[in-house]
Amino acid sequence: MSQDLRAEIDRELSENKIIVYGKGTKTMPRCGFTLETIEFFNRFGYPFEVVDVLENPQKREVLSELTNWPTLPKVFINGKFYGDTDILGPMEQSGELAEVLSQTFGAPSRPTIQLH
């Protein structure tokens, strides 16, 4: 495993609370699964980054070794690997993903009730 690529991945994970390693970019996905993942996260309104690994096969290989997950996209939240929407979809349904996102970004704000 290339130490330089591992350091680059570690930096990306520390700089982005949600990061998707996929095929293409957020504005130009190059496969349906990456597009599906982008649409999935767009629904939540939290910032996330998409890194295109098609142009860097060595980085793609390092990510596969690191995660033991051969396919793309690969989603990390708060530095932890979660898989893809096949994993995240059921997590959303069970409420587990809302809890992970709340812990990652802070509890959602609640309106303040003003008493007069």
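Me: In the hairpin of β3 and β4, which residue takes a positive phi?

Reply: This is a predicted model: local features need pLDDT of at least 70, side-chain atom pairs count only at pLDDT 80 or more, and totals for chains, interfaces and linings use all residues. Residues are numbered from 1 along each chain as its sequence is written, and side-chain values use heavy atoms, with hydrogens and water left out. Helices (H or I, at least four residues) and strands (E, at least two) are DSSP runs, numbered from the N terminus. The hairpin has two residues between its strands, and the positive phi, near 55 degrees, belongs to Asn78.

Me: Over how many bridges do β3 and β4 pair?

Reply: Two strands pair if DSSP finds at least two bridges between them. Here Ile77 has Lys80 of β4 as its bridge partner, and Phe76 has Phe81. Strand β3 (residues 74-77) and β4 pair in the antiparallel sense, and the number of bridges is three.

Me: Which are the edge strands of the sheet?

Reply: The four strands form an open sheet with mixed pairing, in the order β2-β1-β3-β4. An edge strand here pairs on one side only, and that picks out β2 (49-52) and β4 (80-83).

Me: By how many degrees are neighbouring strands turned against each other on average?

Reply: Axes are lines fitted to C-alpha atoms, for helices over the stretch in contact, and angles run from 0 to 180 degrees between N-to-C directions. For the neighbouring strands of this sheet, direction is ignored, and the average is 25 degrees.

Me: Which helix makes about 165 degrees with the direction of β1?

Reply: Contact means heavy atoms within 4.5 Å. Helix α1 (residues 3-15) packs on the sheet and touches β1 (18-22), β2 and β3, with a direction at about 140 degrees to that of β1. The helix that also touches β1, β2 and β3 as it packs on the sheet, but at about 165 degrees to β1, covers residues 32-42 and is α2.

Me: How many residues does the second, separate core have?

Reply: A nonpolar core is a set of buried (under 20% relative accessible area; exposed is over 50%, partly exposed in between, with a 1.4 Å probe and protein chains only) Ala, Val, Leu, Ile, Met, Phe, Trp, Tyr and Cys residues joined through side-chain atoms within 4.5 Å. The largest one has 15 residues, and Phe41, Phe48, Ile77, Leu88 and Leu97 have the most contacts inside it. β1, α2, β3, α4 (85-94) and α5 (96-105) each supply at least two residues of that core. The second core includes Leu5, Val51, Val62 and Phe76, and its residue count is 11.

Me: Which residue just after α3 takes a positive phi?

Reply: Helix α3 (residues 57-67) has Lys59, Val62, Leu63, Ser64 and Thr67 buried. These buried residues pack against α1, β1, β2, β3 and β4. Just after the helix, a positive phi of about 55 degrees is taken by Asn68.

Me: Where is the pLDDT below 50?

Reply: The mean pLDDT (the predictor's confidence in each residue, from 0 to 100) of the chain is 91, and 91% of its residues reach 70 or more. The stretch below 50 has zero contacts in the model beyond near neighbours in sequence, and it spans residues 109-113.
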